[in-house]
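This report goes through selected local features of one protein model. Please look over the sequence and structure first.

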Amino acid sequence: MGACGGGAFVDRWWVTGERDAGYTDRWGAYERIGVGRLVVAVAASAAICVSGTARAESPRATIEGQLDRDLREAIDRAVGETDKPIANRFEARRRANDAGEDAIAVLRSEGYYAYEVEPDVGDGDPPTAIVRVTPGPRFTLSDPQIDWIAPAPIESVRQSGEVVMGLATGAPGRAVDVINAEGRIVAAVQKRGYADAAAQPREVIVDHADRTVRPTYKIAAGELVHLGGLKIVGETGRSRRGWLDSLAPWSAGDVYDPEDVGELERRLLDTGVYDSVTVSLAPKDQAEPDGRRPILLSLADRKSRTLELGASYSTTEGLGADARWTRYNLLGRADTLAMLARASNIDSRLGAELTLPHWRRPQQTFKAGGGAYSNRTDAYDETGVGIRADVTRRFRKTSYVTLGGSIDYGKVEEKQTILVSSLGDNLVTLAGLAAGALDRSDDPLDPKRGWRLDVRAEPTYLIGDEHMAYLKVQSQGTAYIPFGAKARTVLAGRLKAGAMVGGSIPEVPASRRFYAGGGGSVRGYAYQAIGPRDIDNTPEGGISLLETSLELRQKVGERWGVVAFVDAGAVGASEFPTGDDFSVGVGVGVRYDLGFGPIRADIAVPLDQREGDPSFQIYLSIGQSF
């Protein structure tokens, strides 16, 4: 019985059975595989399941032997390529020896322990490096065990460790599986309150007699840890200590759970007012007198004030300029106070907004704002002032429910003069808001699979020369279907519908009606261009809406992509749009991946061009169109 192996995988290996003496004497150096080679081997063998990559055209050594395709490709990847020619037989033998070690590392990591590996130098000028490989039978896992080092955790925790180990008798004895199992065991024990759980050197028996691999993990769980309060490392900066304490997702005395530590860090980072946040469990020597372990918190505030400027241009919406001045953490509870200004041909406004993250409970945000605005569109001119407030409860990064309301006083002047509202031009508008979003896509800016659903309802009460109440509802769903293992081709679809219950034209102000056309709607048409128009071609808007889009997205190379799309939409003057109301636009676009998301450029043409419609439209933006 002799030692065999080591490095990252093998802490203690015992090999039973006989080895060929000549092989051992000649290639005894291979019995110690270095950490670096083993890491390369594990990486190469982990890629076995990846679709075939072409063999290197200039490998460091030629691999010979009866090997299945996946194993041969893994060894080729581990051996690697070179563009330097072999100068002499000494160099050829050195390369063959190195390649032999790489091949052994892959074979062992994949469960082939009865291998034969023979480095050699081929005849010819220049000479060639050759490695002849006979993998032998693949060894299988047998009777994996956990040896709990005293003090052992409670029975339920021991059982959870055995469950997550996930090694089945008879499965291939792959190194990466044995290593990963140990990590899962330790994580499961820590998850259940044993924060100091750690793995001791494991024992793995490779038995050549029955061709099995029998791992025994030695786990020191330590003592069960109960949590204390927060302990601030350094200064709290502009944040109030009481507010920080309220964010902790545990109570004093609770059993330690690493998810609680991670959740506190996420809650603080999500506010956007800190440059860095570090949360960790205090070491044993910092335990409180009652034995509880506090959580250490370190914060670094971002600059207290920022000024952001922006500009935009569109062929249909003209020039635009934006300014935002933001004050962070003014109230000491990660709040944000922003002053906003926008000037453009269509939408101009001046206002302020206060945001309170984790308001009254974690993952709940309160927003309040107000200001003056002026909108000048082809359908109407609107000036007014208003205030609003809402509360958003988030369930995931992009899934939420919002409840809120607003009060506006304004004047709406319609460009068309045929239909006149009995409510008059000057209106007080009281509106409620109930909205929600469910996001099961894989990326907010460049989704490749999954789906999204958004719903929105606005009960509204209008007060003018007369009064009227109605309910405005709309919903949008999108879906993404990938093709191929790497999702380089994606079929994306969108459907949006809206309606007003109790509303009618012309009583519903033009600024509150549905419109369609433009970059976020039906491409190829100008803003508000789809739907009913009066005799002088002025858009009237409607009380019902239906839009749909279909895109085929194709990745080209590492950064570029191309898109073909068709959009359709309708705005109706009655409860449901009719077939005659529909307009269709088609187009193509390009995408360039910026790393965090794509920048897009689309060109679209209208298929239902009417008087005043342009022959094409160009759109530039960041992120996919939906």
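H358 is buried (under 20% relative accessible area, where exposed is over 50% and partly exposed in between, with a 1.4 Å probe and protein chains only), because its relative accessible area is 7%. H358 sits in the loop between β16 and β17, and its phi is near 50 degrees, a positive value in a residue other than glycine. Strands here are DSSP runs of E with at least two residues, and helices are runs of H or I with at least four, numbered from the N terminus.

The model is predicted, so local features need pLDDT of at least 70 and side-chain atom pairs count only at pLDDT 80 or more, while totals for chains, interfaces and linings use all residues. Residues are numbered from 1 along each chain as its sequence is written, and side-chain values use heavy atoms, with hydrogens and water left out.

R211 also has a positive phi, near 55 degrees. R211 lies in the loop between β8 (198-207) and β9 (212-220) and is partly exposed, at 45% relative accessible area.

## Cis peptide bonds

The bond from A150 to P151 is cis, with omega near 0 degrees. P151 belongs to the loop between β7 (145-149) and α5 (155-165).

Another cis bond runs from I505 to P506, with omega near 20 degrees. The loop between β23 (489-501) and β24 (544-556) holds P506.

## The second largest pocket

A pocket is an open set of points on a 1 Å grid over the protein atoms alone, with protein on both sides within 12 Å along at least five of seven lines; a cavity is a set where a 1.4 Å probe fits but cannot get out, and lining residues have an atom within 4 Å of a point. Grid points are joined across faces, edges and corners, and a volume is the space filled by probe spheres set on the points.

The second largest pocket holds about 620 Å³ of space. Its lining has 21 residues, with D270, T271, P357, T365 and R394 nearest the centre. The largest share, 3 residues, comes from β17.

## The largest cavity

There are 3 cavities of 30 Å³ or more, and the largest cavity has about 80 Å³ of space. Its lining includes Y373, E382, D408 and R512. β19 and β20 (426-439) each supply at least two lining residues, and β19 gives the largest share, 5 residues.
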